Amino acid sequence: QVHLAESGGGLVQAGGSLRLTCAASGRTESDFDDASVSWFRQGSGNEREFVAGISRGSRFTYYADSVRGRFTISRDNDKNLFWLQMNSLKPEDTAVYYCAAERPGRAVQRTPDKYDYWGQGTQVTVSS
């Protein structure tokens, strides 16, 4: 079982930056190393959408078109942490952001139903 916890959300003005952190705990060491991890977000009244994903060994990263060039996903398997650096934030980035992990051995997927482990979410609000 992998437990995920996000931190780093908050209120920021348009054009600003935030860095979200997701910490993995539980029976995680080998599971986390072998798992693709991603960030999703869900705005008010919207479905949960894929934001960014990173493969097990950080070789591959994937981004939604709406955030490519502004957001960066990274991970540190030794520390069981992964991050989402968000720059040039826009009001439409306002949402609850969730970190998620797949079962070990799977490639990054863009649909939330493929993920087995989720954090509780952290609110990001971008004011205009």
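Select Asp-93 to begin: Asp-93 is buried, with a relative accessible area of 1% (buried means under 20% relative accessible area, exposed over 50%, and partly exposed in between, with a 1.4 Å probe and protein chains only). Before going on, note that this is a predicted model, where local features need pLDDT of at least 70, side-chain atom pairs count only at pLDDT 80 or more, and totals for chains, interfaces and linings use all residues. Residues are numbered from 1 along each chain as its sequence is written, and side-chain values use heavy atoms, with hydrogens and water left out.

**Stop 1: around Asp-93.** You will find Asp-93 in the loop between S8 and S9. Strand and helix labels follow DSSP runs numbered from the N terminus (helices are H or I with at least four residues, strands E with at least two). Which residues does Asp-93 touch, leaving aside those up to four places away in sequence? Show Arg-41, Arg-70, Phe-71, Ser-88, Val-124 and Val-126; contact here means heavy atoms within 4.5 Å.

**Stop 2: the open sheet.** Switch to a cartoon view and colour S1, S3, S8 and S7, which form an open sheet of four strands in that order, with antiparallel pairing. Two strands pair if DSSP finds at least two bridges between them. Strand S1 (2-7) and strand S7 (71-76) stand at the edges with a single partner strand each, so one side of each has no neighbour in the sheet. On average, neighbouring strands of this sheet are turned by 15° against each other, direction ignored; the axes are lines fitted to C-alpha atoms (for helices over the stretch in contact), and angles run from 0 to 180 degrees between N-to-C directions.

Now zoom in on strand S3 (residues 18-26) and strand S8 (residues 81-86), an antiparallel pair joined by six bridges. Pick Ala-23 and look across to Leu-81 in S8, which stands opposite.

**Stop 3: the disulfide.** How many disulfides are there? The count comes to one, taking a disulfide as a pair of cysteine sulfur atoms within 2.5 Å. Select Cys-22 and Cys-99, whose sulfurs lie 2.1 Å apart. The torsion about their S-S bond is about 55°, so the disulfide is right-handed. This pair links distant parts of the chain, 77 residues apart: Cys-22 sits in strand S3 and Cys-99 in strand S9 (residues 95-101). Cys-22 is buried at 0% relative accessible area, and Cys-99 also counts as buried at 0%.

**Stop 4: salt bridges.** Side chains of opposite charge can pair when their charged atoms come close. The structure holds seven salt bridges, each a side-chain nitrogen of Lys or Arg within 4 Å of a carboxyl oxygen of Asp or Glu.

- Select Arg-56 and Asp-34, which meet at 3.9 Å, N to O. Arg-56 lies in the loop between strand S5 (49-54) and strand S6 (61-63), while Asp-34 is in the loop between helix H1 (29-33) and strand S4 (37-42).
- Asp-65 counts as exposed at 65%, whereas Arg-68 is partly exposed at 46%.
- Move to Arg-103 and Asp-116, whose closest N and O atoms are 3.2 Å apart. Both lie in the loop between S9 and strand S10 (117-118), 13 residues apart. Arg-103 is partly exposed at 43%, and Asp-116 is partly exposed at 30%.

To finish, select Arg-41, Glu-49, Arg-70 and Asp-93 together: salt bridges that share partners join these residues into one network.
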